[in-house]
Each structure stands twice: as structure tokens, then as C-alpha cells.
Amino acid sequence: MSKSIQIKKGLNIPLAGAASQATSDDKKTTLYAISPADFPGYTWKVAVKPGDAVEIGSPLLFAKEDEFICLTSPVSGTVKEIKRGERRRIEYVSVEWDEKNTQYAPLAEISDHWELLKRSGLFAMIRQRPFDIVPGNQIPRDIFVTGFDTAPLAPDILSKLDKKRMEDGLRFLRKFTSGTIYLSIPQDTKVTSGAAQIVEFNTLHPTGNPGTQIAQIKPVNKGETVWTLDVVTAERIGRLVTDKKLSFATKVAITGPDAKNPHMVNTFDGAALSTLLDGEIKETSEKVRVISGNVLTGIKENVQTGFLRFPYRQVTLIDEGDHADEFMGWASLNPKKFSVKRSFPAFLGGLKRPFNFDARVKGGHRAMILSGEYDKVFPFDIYPEYLLKAIYAKDIEKMEKLGIYEVAPEDFALPEFVDTSKNELQKAVREGLDYLRKETL
């Protein structure tokens, strides 16, 4: 029997440019890349060199702390480049796809379930709470699988999955915990599972975030560890254990006000944006910000050199806005401006209609004001402003008491959006989690 939970604190941002369900198969992206920065918690070392032939699931990088944990190639082909930045930091490893080559790395003979998941690259797609990192070897208390995403313009990730393989994946995950597997889905979705407990949520953002689901179902306490993943990863695990094959195929939503024809594209993880977005940007757009992911948590990328970053399955195109020349500037009473504080007359016509947001911050940094504005969009039993102050002060005792073990940076995306002080809250939380982990482990 499923459980139903209603979240009242949150905000659905009405961004224009939602993708239709029409799917394009004509994008022949030949270059794919994996960025180790998307997989926090480990030091990654390169396992290949340019020119090496790789198969689907071949290790491209491995964790220095645990060599079984790998980041694997999403396609078969040839290693194109190992891109390094400052201090020889690895930015990405790219692979040129050989479409005629469909060889898979030999994983079927691995009998140990921990080793199989780690070597396949799917283990790195799971996250651990606390710290929001790739898991270690701790046995998780529970595993939380999310079946929907409520971020702006996020695609439907559940309806077109192979439900049998998803169930196989959920059943395999039971080998890793003696606790409960929770599967969170939108209300009125017809999904059943014998391996997981179904929990239904309304779709007010951020109910699609694993942190929100965990806080409402069974919060994380100090000394406890839980895992989180989405249903796409669960389905991939099911394919691996049932069909003995890895698949990194994915559907990507091309979205946003500057998308010429917002729709879905079939591709693989790590696809090059230069091909993925070829012909997808409006000709009338002057200067476009390309975001791998959604506007709240996504990563700004260069359309010529960027790639689809993990864990995102959407690309958002919005105006930079730096060319805007508005009468009265921020004080304008333009009815096309959106504001959660009802500072503009748009709220008189309703705030659910689509708005053409741009990338401007529209205000400068100020000291944090204890106004309670975060609480209106933060559905945790936590005082977010006081937790952030403890993070800024690096006060570990207060951080622990105020609930830092429950949160991840993405949980503060909406507070950052409504923040009058224009603080980079997600960055602060990431730094706070890294500092806490360094000092306590």
C-alpha cells in the first residue's frame, strides 16, 4: 500500500520553453565526455590514454581510495582527449563514438554485487547522505529512489522507462541494505513494486529532490547513512543484472525560452553540446546562456566545448540579459517581470503563466537578512538561515545540531532564488559539507 505526502512549502518557477514529448533521433553526436567533478567524494585517476580503444562500460577513471569504483565510458570507440585544467586537474575524458562498434566491457563474470556495481560505473551514479557524495562502503540504513523531477522544465523520467527492468534494479538494490527501499512517484501515477515501498508526492518543487523526500519519509540522523538515486539509474542496474549489458542511453530535453523547438532528443550520457544543440537555438536570440541541467542547479557550459553533465537530462537555453536596456531598470513596473514578493504587477494576472527569465541577478550581494524568506520555500524541519550562519562560521557543533547531515546543495536552490541578499547558498552548503567531512572523518 502506497503512502501519500503533501508538501506545502515550495515554488514552481513558471519558466517558458517546456519540451514537448516529440523525440528526435537525428542527432548523431559522435563525442562524449565524463567529468570527474560531477562525482564528488573521491580523488579520480585516469585509466586510459588518448588513442585507446574502449567499450561500453570500460573504465575511463577510477577512484584513488577504492580502485573498484570506476567512471566508465557511455559508448564504444576511441579515447579522444584527457582535458586538464589548473594544477593538472582533470576536467574531462572524452570518447569519440564508433557507431558500428557495440562491444560491452566484460562484467558478466563478476559475482560479487558490490564489485559489479562499482566496476560498471553505476555505483558512482548513486549519492550518499550525509555529505551528498558517491557512497563509501558503509551499509546504508535505507535507499531512496526518486521517480520524478520537479525542477523548472524538467522532463518526465518515469513514464517511458522499462518498468520490469526498473523492478529488477530495485530488487538488486535490496542486496545492499537490510532497511527499506523507498520509491517516490508523483500522485496518481500507476506504478507498483514488490521490491520497494511506494510513496506518492504532490509536484510542488522541491518535492522531486531526494533531500525533500528523505526529510518527509525518514530523516537522516548523525551516524546514519542512506543512498539516493533516480529511477533511470535503477533501470540501468536492472538491465545490467538481468541482460548482462550496460546502457547509458538517455532522453534529453532541450528546453528554455531561447530553444527554437523545445523537444526530447535520444542520445547518451555526456553528449557534446555542439552537436546536441545544432539548430536548436532561436536565430533571434542575441546572447544565450547554455545550461547543462536546470536553471536552479545546472552548470553553465560553452556550446562549442561543453558536454551534457551528470546527473542532468535536460539542457536549458535562456538569455544572458546583459544587453537589456529597461526603462527605470530594476524599479520598472513591467508586467512581464516575475517576482515571488509581488514587487511587480505580474502577480495580478497570475504567476502560473510562462515567463521569459534571463540570467541577470538583478541586485548586488548584501549581508544575510534574517527575514524568514527561505522558510517559505524550504520544506525541511530545519532553520535554514541559522544553519547557513553556522556554515559560514565553520561551527561544526552548531552545523550538526541544525541538521547539516540532512541537506545537499540542491536543497538550497530555491532559497537562493528568492534570496534578497543574493548569496551563493548552494556553494556555501557544498563548502560546509566538504569542511565537515574533512574535519570529522
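Select R129 first. R129 is buried, at 1% relative accessibility. Here buried means under 20% relative accessible area, exposed means over 50%, and partly exposed lies in between (1.4 Å probe, protein chains only). This is a predicted model: local features need pLDDT of at least 70, side-chain atom pairs count only at pLDDT 80 or more, and totals for chains, interfaces and linings use all residues. Residues are numbered from 1 along each chain as its sequence is written, and side-chain values use heavy atoms, with hydrogens and water left out.

R129 forms a salt bridge with E410, and the closest N and O atoms are 3.8 Å apart. A salt bridge is a side-chain nitrogen of Lys or Arg within 4 Å of a carboxyl oxygen of Asp or Glu. R129 sits in strand β10 (residues 127–129) and E410 in the loop between α7 (396–401) and α8 (413–418), so the pair ties together parts 281 residues apart in sequence. Helices (H or I, at least four residues) and strands (E, at least two) are DSSP runs, numbered from the N terminus. E410 is partly exposed, at 28% relative accessibility.

Stay in this area of the sequence and show F131 and Y405. Their ring centres are 6.3 Å apart and their planes stand at 75 degrees, so the pair is edge-to-face. Rings of Phe, Tyr and Trp (its six-membered ring) pair if their centres lie within 6.5 Å; planes under 30 degrees apart count as stacked, over 60 as edge-to-face and the rest as tilted. F131 is in the loop between β10 and β11 (143–146), and Y405 in the loop between α7 and α8, 274 residues apart.

Next, select W114, F123, F172, F176 and W227. Ring pairs link these five into a cluster. The whole structure has 20 aromatic pairs.

Move to helix α4. E235 forms a salt bridge with R239, the closest N and O atoms being 3.4 Å apart. The two are four residues apart in the helix, about one helical turn. E235 is buried, at 10% relative accessible area, whereas R239 is partly exposed, at 26%. Then select R165, E167, D168, R171 and D243, which salt bridges with shared partners join into one network. The whole structure has 25 salt bridges.

Turn to the second largest pocket, with a volume of about 530 Å³. On a 1 Å grid over the protein atoms alone, a pocket is an open set of points where a 1.4 Å probe fits, with protein on both sides within 12 Å along at least five of seven lines; lining residues have an atom within 4 Å of a point. Grid points are joined across faces, edges and corners, and the volume is the space filled by probe spheres set on the points. Select A249, T250, K251, N266 and T267, which lie nearest the centre among 27 lining residues. The elements giving two or more residues to this lining are α4 (231–243), β15 (249–255) and β16 (263–268).

Finish with the backbone. The peptide bond from H205 to P206 is cis, with omega near 20 degrees. The bond from F310 to P311 is cis too, with omega near 10 degrees. L153 has a positive phi of about 65 degrees although it is not a glycine.
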